[in-house]
Amino acid sequence: MSTPRAGTVDISLLLLIFLLPSSFQLTPPAIPIGNFYITLVEICLFILLGHWLLDLLVSGTGYVSPLDKVFSLFLAYLCLSLIFGSQHFGVNKALGDFRQYLPLFLYFWVMRFFGFAKDLSRVRQGILNVTIVVAIYVVFIFLFFRGAIATRESLAERVFFDNTMLPLMIYGGYVLGIALMKNEKSHKGFASILLASNFIMLIVMQVRTYWIAFAIVIAMATFNQRRAFFKTAIMVKNAYWVSLILAVTFLFLTFVPAETICSQESMTSVKERIESLISFEQTFLGQENTWVTETETVGTRLATAKVVWNEYVMNSPLFGTGLGGEIPIMSRLGGVVLMKYSIDNGYLTILAKFGVIGFALYGLIIWRLCQMLYRIIVSPFSHDDEKLLAYSFLAGVAAMLVASFFSSNFIRQQPALVAFLFMLAETSVLQRTVETRRRESQIQGVPLPRITIGRM
């Protein structure tokens, strides 16, 4: 039985999904069809789904992966939720909500064309390249066009673009490990450029949720590579580069006023968000905040969470509202500001829309994924680069789980879902490779040699 391979078109469309604008601030390019529209990202999704169906019809051969059963059950429940929502809220609303979850049906495509490959380093490298490109053009837009794309005055000092957030989280630990352990200067240079460019992008985006998530990834990766990180030579180099960057930044800001680089409002906004994280107890645990600024959104999120829990989750705990049901965004004073398909809390969004059953299926997928990654990490038949990649994925999942308390992007944003599926494919490849070595070792009766970091 020959395994189908992803061709150039598949890989190009996959990378294009991360590159194309798909946020409310950077308007997604779309093709209008009457009163409806289809974005270019969704066209890419449809082409990939069509390729999977055609290949399956021609070959007539299915492929089985460890997550097939639970994922098939989750997708079936998603379809039932679509039918349920269509009956209660109308077909248009249900489909409008359903389109955000459409990438989940690429699970079978990604497993068929990537999950059974022998090596995904080429595709992984392409995704890492895309994260650098996206970081550069987001910073460029921030410096020169942020006012033109602002949907309201408060957004004139920042730029939202979430496409590469999950890829950055799941590969961030791997890239940091490459920077610490690789001997080749070219690999170290690439890793440094990727981390630095995306760090700057995170600053200009001014999303504290992503700051926290990225800090978790870096902290877990540093702990995992603590022996390499605290080697004398590496510590001296790191101290040198950090000192050099700080010195250059200080001199640059001394001779070039900050207002000529970005507005005073942008710097004030960044400063307030940093201060709100430093004052963690007051910001997140304080019951009464007397100050209200553009960066103070914790009060509104708490008010929203209480209403959604009491009036939506508790009213339909098992099955939720179904797709198409809108839930409110509340103000600090208790008024409804906006009705949306999601709120800034991924867990409550899932509970409100899909109930405890959908939440349990979602949690089961994450649990199974974490089990697979843990087995790869502790297996004596895993090579060092495979352990590094698996641990990076585990750190990314941890960051995603924490960030989902404050955002729904990781559970319903289209590029994020595609990145999640590709992580499942990479994990399946790792698991199958390690299992093959174990079986071969049992047959031969001798352990296989360990190798160090391989290709990025």
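This is a predicted model: local features need pLDDT of at least 70, side-chain atom pairs count only at pLDDT 80 or more; totals for chains, interfaces and linings use all residues.
**Entry 1**

**Entry 1: the chain as a whole**

Next I stepped back to look at the whole chain. I got 19 helices and 4 strands. There are 456 residues, and 50% of them count as buried. The chain exposes about 22500 Å², with carbon and sulfur atoms supplying 67% of that.

I was curious about contacts as well. Taking the contacts with a separation of 6 or more, I saw that residues 24 or more positions apart account for 78%.

**Entry 2: α3 and what comes after**

I ran the same length check on helix α3, residues 68–89. Its 22 residues should span 32 Å at 1.5 Å a residue, and the end C-alpha atoms are 31 Å apart, so that agrees.

Which residues of α3 are buried? My list reads D68, V70, F71, F74, L75, Y77, L78, S81, L82 and G85. These buried residues pack against α4, α5, α16 (346–378) and α19.

Just after α3 I came to G90, which takes a positive phi of about 100°.

**Entry 3: Q206**

Another positive phi turned up at Q206, about 60°, although Q206 is not a glycine. I jotted down a reminder that most residues other than glycine have a negative phi. Where is Q206? I traced it to the loop between α9 (185–205) and α10 (208–224). Buried or exposed: which is Q206? Its relative accessibility is 0%, so Q206 counts as buried.

F36 is in strand β2. I looked at F36 separately: with 44% relative accessibility, it counts as partly exposed.

**Entry 4: salt bridges**

Last topic: charges. My reminder here is that side chains of opposite charge can pair when their charged atoms come close. How many salt bridges are there? The count comes to 9, and I picked out a few.

E326 pairs with K93, and their closest N and O atoms are 3.2 Å apart. E326 is in the loop between α15 (298–313) and β3 (327–330), while K93 is in helix α4 (residues 91–98), so this pair ties together parts that are 233 residues apart in sequence. E326 is partly exposed, at 28% relative accessible area. K93 is partly exposed too, at 35%.

E386 pairs with R437, with the closest N and O atoms 2.7 Å apart. Here E386 belongs to helix α17 (residues 384–403) and R437 to helix α19, so the pair ties together parts that are 51 residues apart in sequence. I found both E386 and R437 buried.

R438 pairs with E435, and there the closest N and O atoms are 2.4 Å apart. Both R438 and E435 lie in helix α19, 3 residues apart, which is about one turn of the helix. R438 has a relative accessible area of 27%, so it is partly exposed. E435 is partly exposed as well, at 27%.

I finished with a network: salt bridges that share partners join D97, K353 and R412.

Definitions and conventions
Residues are numbered from 1 along each chain as its sequence is written. Side-chain values use heavy atoms; hydrogens and water are left out. Helices (H or I, at least four residues) and strands (E, at least two) are DSSP runs, numbered from the N terminus. Buried means under 20% relative accessible area, exposed over 50%, partly exposed in between (1.4 Å probe, protein chains only). A salt bridge is a side-chain nitrogen of Lys or Arg within 4 Å of a carboxyl oxygen of Asp or Glu. Contact means heavy atoms within 4.5 Å. Accessible areas come from the Shrake-Rupley method with a 1.4 Å probe; for residues, only the protein chains shown count as cover. The expected span of a helix is 1.5 Å times one less than its number of residues.
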